[in-house]
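Please examine the model shown below.

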Amino acid sequence: MTEAHKPGRQAHAPRHLARVFALLGFYQWIADPTLKAQKIEENLPALLADDEEGTPVEDLGLTSEDWARCDRELLTTLLSGAIGEHAALEAEFSPFVDRDLKRVSLVERAILFIGTYELLRCPQTPYRVVLNETIELAKHFGSGYRFTNAVLERVAAKVREAEFAADHAQKKA
């Protein structure tokens, strides 16, 4: 059965799927920082089912069809960028985290790294889109979306000052 015909299954945009897979890949890197981004990306399809039904593995809600539709360029950019710049990214968002980073869940941490990278290095994506996407990731993976949204909104106000100010000025008008 195709994705469009599966009851209750919403088709996700290729860029959203790229963020989902980048999150899963970065989560793996947090667990084992010796892994290289390319190797992680090569192994991501192993998380998916290959049966005829396209049944998701480990309740991720993802299928091999999702992998095929994923924006691979964005996935590679986010995953390799977040891994390659992890120390600088942590320096950007950690001032806005109200606790020791070790006390932040792995999912929340991965979202902060991926979101901060996209805010810093992908100016073509509006900051509001980045925030909305990270909220969706946090909700999907059962994490504290209010926490990650609050931190990333403060990062956006700092690193995209003009865009952030213009957006908020427009709302006040």
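A nonpolar core is a set of buried Ala, Val, Leu, Ile, Met, Phe, Trp, Tyr and Cys residues joined through side-chain atoms within 4.5 Å; buried means under 20% relative accessible area, exposed over 50% and partly exposed in between (1.4 Å probe, protein chains only). This is a predicted model, in which local features need pLDDT of at least 70 and side-chain atom pairs count only at pLDDT 80 or more, while totals for chains, interfaces and linings use all residues. Residues are numbered from 1 along each chain as its sequence is written, and side-chain values use heavy atoms, with hydrogens and water left out.

Q: Which element gives the most residues to the largest nonpolar core?
A: The largest nonpolar core holds 52 residues, and Phe 21, Leu 24 and Phe 26 are among those that touch the most other members. Elements giving two or more residues to this core include α4 (72-84) and α6 (106-121); helices (H or I, at least four residues) and strands (E, at least two) are DSSP runs, numbered from the N terminus. The largest contribution, 10 residues, comes from α1.

Q: Is Cys 122 buried or exposed?
A: The structure holds 0 disulfides, a disulfide being a pair of cysteine sulfur atoms within 2.5 Å. Cys 70 has 6% relative accessibility and therefore counts as buried. Because its relative accessibility is 2%, Cys 122 counts as buried.

Q: Which side chain does a polar contact of 3.2 Å join to that of Glu 92?
A: Glu 92 lies in helix α5. Residues that Glu 92 touches (heavy atoms within 4.5 Å) include Thr 116 and Val 155, not counting residues up to four places away in sequence. A polar contact is a pair of N or O atoms within 3.5 Å; within protein, one must be able to donate a hydrogen and the other to accept it, and residues adjacent in sequence count only if both atoms are side-chain atoms. The side chain joined to Glu 92 by the 3.2 Å polar contact is that of Lys 158.
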